[in-house]
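Please look over the sequence and the structure shown below, and then read the briefing that follows, which is arranged by topic.

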Amino acid sequence: MRSTRRDEILAHAAKLFSERGIAATTVRDIADEVGILSGSLYHYFDSKDAIANEIVVRFLEDLNVRYEDSIEPEGSARNRLATMVSVSFASAVDHPYATEVYQGEAILSSQPADAPITVLVQKAHSYWRSAIARGIADGEFREDIDPEQFHRLLRESVWSTVAQYRPQLSELADDLQRNLISVFLDGFAARSGDGDPVARIARRTAKKDAQTESPDSEFAELRSDVDELKSVIRELSSSIRQLQKP
């Protein structure tokens, strides 16, 4: 499909916004990159903020369509999450810098509940939450890791990896997503005996007892899990950098 002038403006603006921020990027900066006069840019967009909003909205709309299309009702929850990781990388490749613009700009990530970006973000989150909840209910995933914390860790790891490896994303996407899937989903898989209903009830009871004895124990356990995952991600990034060296 041929690129339109609007597409060119969005592409150049996304890169400038990700590098400088929206506030530090002028309309003239964008126009110069595109090769048009500043006044001509207003024929396509009402303002710089309108450009930023369309960059993010286009990305999120496409991402949600891909998430929806990737759902296989009969597939496992693990495969669904693995596919969502792959879909996320593919969408990030096709919408360069969009996720970096969203994550780096508070004005875009803290909008009213009924704002288009907020609605689209919550819809995207619902796909992750649904897959995780199903995996736990079916006994595929562990019950001792908070699902919302896992959801956030996995999702944020995907997008931070996209930003970190943006210059080489097209070439490294397959390796990066494979490593993320291995680290997170294999670690989240139910261990031997986790699928036993009796054992699951026993674990829940033991967890409640432990929480009664020590209110801070759940937080301490969660912090330990988060620290461990951060350590694994750092080691993963280091390994990838070593592989990139000639």
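## How two helices meet

Arg 6, Asp 7, Ile 9, Leu 10, Ala 13, Ala 14 and Phe 17 in H1 are in contact (heavy atoms within 4.5 Å) with Lys 48, Ile 51, Ala 52, Glu 54, Ile 55 and Arg 58 in H4. The model is a predicted one, in which local features need pLDDT of at least 70 and side-chain atom pairs count only at pLDDT 80 or more, while totals for chains, interfaces and linings use all residues. Residues are numbered from 1 along each chain as its sequence is written, and side-chain values use heavy atoms, with hydrogens and water left out.

**The contact of H1 with H4**

- Helix H1 (residues 5-20) and helix H4 (residues 48-70) pack at an angle of about 95 degrees, with their axes 10 Å apart; axes are lines fitted to C-alpha atoms, for helices over the stretch in contact, and angles run from 0 to 180 degrees between N-to-C directions.
- That angle makes H1 roughly perpendicular to H4, since angles of 65 to 115 degrees count as roughly perpendicular, under 35 as roughly parallel, over 145 as roughly antiparallel and the rest as oblique.

**The whole protein**

- The protein has twelve helices and zero strands, where helices (H or I, at least four residues) and strands (E, at least two) are DSSP runs, numbered from the N terminus.
- Of the 246 residues of the protein, 37% count as buried, a term for under 20% relative accessible area, with exposed meaning over 50% and partly exposed in between (1.4 Å probe, protein chains only).
- Among contacts between residues at least 6 apart in sequence, 74% join residues at least 24 apart.

**Aromatic rings**

- The structure holds six aromatic pairs; rings of Phe, Tyr and Trp (its six-membered ring) pair if their centres lie within 6.5 Å, and planes under 30 degrees apart count as stacked, over 60 as edge-to-face and the rest as tilted.
- The rings of Tyr 67 and Trp 128 have centres 5.9 Å apart and planes at 80 degrees, so this pair is edge-to-face.
- Because Tyr 67 lies in helix H4 and Trp 128 in helix H8 (residues 116-137), the pair ties together parts that are 61 residues apart in sequence.
- Tyr 67 is buried, with a relative accessible area of 1%, and Trp 128 is buried, with a relative accessible area of 1%.
- The rings of Phe 150 and Phe 188 have centres 3.8 Å apart and planes at 20 degrees, so this pair is stacked.
- Phe 141, Phe 150, Phe 184 and Phe 188 form one aromatic cluster.

**Charges over rings**

- The charged end of Arg 6 sits over the ring of Phe 45, 4.2 Å from its centre, which is judged by NZ of Lys or CZ of Arg being within 6 Å of the ring centre and within 35 degrees of the ring normal.
- Arg 166 lies over the face of Tyr 97, at 5.2 Å from the ring centre.

**Two loop residues**

- Thr 25, in the loop between H1 and helix H2 (27-34), is buried, with a relative accessible area of 0%.
- Ala 190, in the loop between H10 and helix H11 (197-213), is partly exposed, with a relative accessible area of 27%.
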